[in-house]
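User: I am new to this structure and would like to be walked through it. Please set out the terms as they come up.

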Amino acid sequence: MTEQLYYEDIVAGSEIPPVVKQATTRQLVMWAGASGDYHEIHYDKDFAQSRGLPGVIIHGQLAGSFLGQLITDWMGEQGSLRKLTCSYRGMNFPGEVITCKGKVSKKYVEDGEHCVECSLWVENPQGEKTVLGMAIVTLPTRG
Amino acid sequence: MVEDTLNIEELRSKIGIDWEPVVCNIEKGMIQRFAQAIDDPNPLWQDEEYARRSRYGSIIAPPTFIQTVGWDQFEKQFQLQVAPLLSGGRLNGGVELEYYQPVRPGDTITVITKIADVRERQGKRMGKMVFVTFEKTYKNQTQELIAKCRQIAIWYQIGAEHD
């Protein structure tokens with residue numbers, strides 16, 4: 001595991017180290033099994049096309065879980081995730097290299113806790129933001 | 001599909017009514033399969049020895065695991081309560097998760113779902129769409145609040161999105 005991140009280490013605008021993913025159709029099937037989401041648009045190309053989609057698409061919750069990893073990797077074991085939101089703006093497809101990115105929007109102390117709000121997003125190979133997210137975490141202090 | 005205003009009204013009449021609670025026993029294997037499915041190597045999710053020495057004292061689930069707890073039962077309830085009222089394609093619009101406690105192997109989680117909102121909207125590319133917001137509350141075996149979740153499902157008219 002990487003070194004623990006502390007509240008003092010970051011400022012508004014600090015970037016979160018990106019997480020790169022390339023989901024295969026196999027991974028979508030693993031996700032379907034692990035999550036219980038068997039919606040056919042995620043593994044049956046004919047079905048997906050009959051629904052007007054260009055092909056099989058990545059589960060929104062899987063892309064959202066990639067953002068979850070982005071934030072848990074960054075905040076470290078002593079950090080706590082308080083809130084995570086994801087808004088699906090575009091589709092992600094298996095085989096694409098997608099990059100999860102984020103940066104700190106603001107930091108503040110509330111009820112004695114050291115909170116950090118971050119904006120997060122998933123970028124497709126065209127550089128389009130297909131998922132927009134936000135997270136609030138609490139971090140330990142060096143004090 | 002969405003011309004069917006009566007169905008939208010029927011859906012709106014269900015806003016705020018709790019669905020039957022769904023109870024799920026969380027097994028270690030479920031958490032491991034989830035971590036493997038998202039390809040997240042964090043040892044807190046899978047390495048018992050590492051996790052025991054962590055501040056959590058045991059394996060915990062990745063935070064986004066919670067939204068899958070009871071999903072198959074949710075789908076069944078959804079097929080009865082909601083699906084018959086709407087037609088067209090369905091997409092996931094987004095999710096908001098609030099966390100209060102981590103999920104651990106051995107937890108018994110009770111999920112209560114309700115419809116929080118129903119809206120119709122004219123999309124730029126996808127024509128007329130219906131947005132349904134589901135609100136879920138997750139509690140553990142000691143009635144502690146684990147998480148809250150708001151999920152938005154979007155119905156769209158098939159064929160409208162590639163104009």
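Analyst: Two residues are in contact if their C-beta atoms, placed from the backbone, lie within 7 Å. This is a predicted model, in which local features need pLDDT of at least 70 and side-chain atom pairs count only at pLDDT 80 or more, while totals for chains, interfaces and linings use all residues. Residues are numbered from 1 along each chain as its sequence is written, and chains are lettered from A and ligands numbered from 1 in the order in which they are written.

User: Leaving aside neighbours within four places in sequence, which residues are in contact with A:Leu81?

Analyst: A:Leu81 is found in strand E2 of chain A, where strands (E, at least two residues) and helices (H or I, at least four) are DSSP runs numbered from the N terminus. Once neighbours within four places in sequence are left aside, its contacts are A:Ile71, A:Thr72, A:Met75, A:Ala135, A:Val137, B:Pro63 and B:Tyr99.

User: Is A:Leu81 buried or exposed?

Analyst: A residue is buried if 20 or more other C-beta atoms lie within 10 Å of its own, exposed if 12 or fewer, and partly exposed in between, with C-beta atoms placed from the backbone. Because A:Leu81 has 20 C-beta neighbours inside 10 Å, the residue counts as buried.

User: Which element gives the most to the side of chain B that touches chain A?

Analyst: In this interface, 32 residues of chain B are in contact with 31 residues of chain A. Helices H2, H3 and H5 and strand E2 of chain B each give two or more residues to that side of chain B. With nine residues, the element that gives the most is E2(B).

User: How many bridges join strand E2 of chain A to E2(B)?

Analyst: Two strands pair if DSSP finds at least two bridges between them. Strand E2 of chain A, residues 80–88, runs antiparallel to E2(B), and A:Cys86 stands opposite B:Val95 in E2(B). The number of bridges joining these two strands is five.

User: Which strands stand at the edges of the sheet?

Analyst: The open sheet has 10 strands with antiparallel pairing, in the order E1(A)-E3(A)-E4(A)-E5(A)-E2(A)-E2(B)-E5(B)-E4(B)-E3(B)-E1(B). Each edge strand has a single partner strand, so one side of each is left without a neighbour in the sheet; these are strand E1 (15–21) of chain A and strand E1 (22–25) of chain B.

User: In E3(B), what is the bridge partner of B:Asn25?

Analyst: Strand E3 of chain B, residues 108–123, is joined to E1(B) by four bridges, and the two run antiparallel. Within E3(B), the bridge partner of B:Asn25 is B:Thr108.
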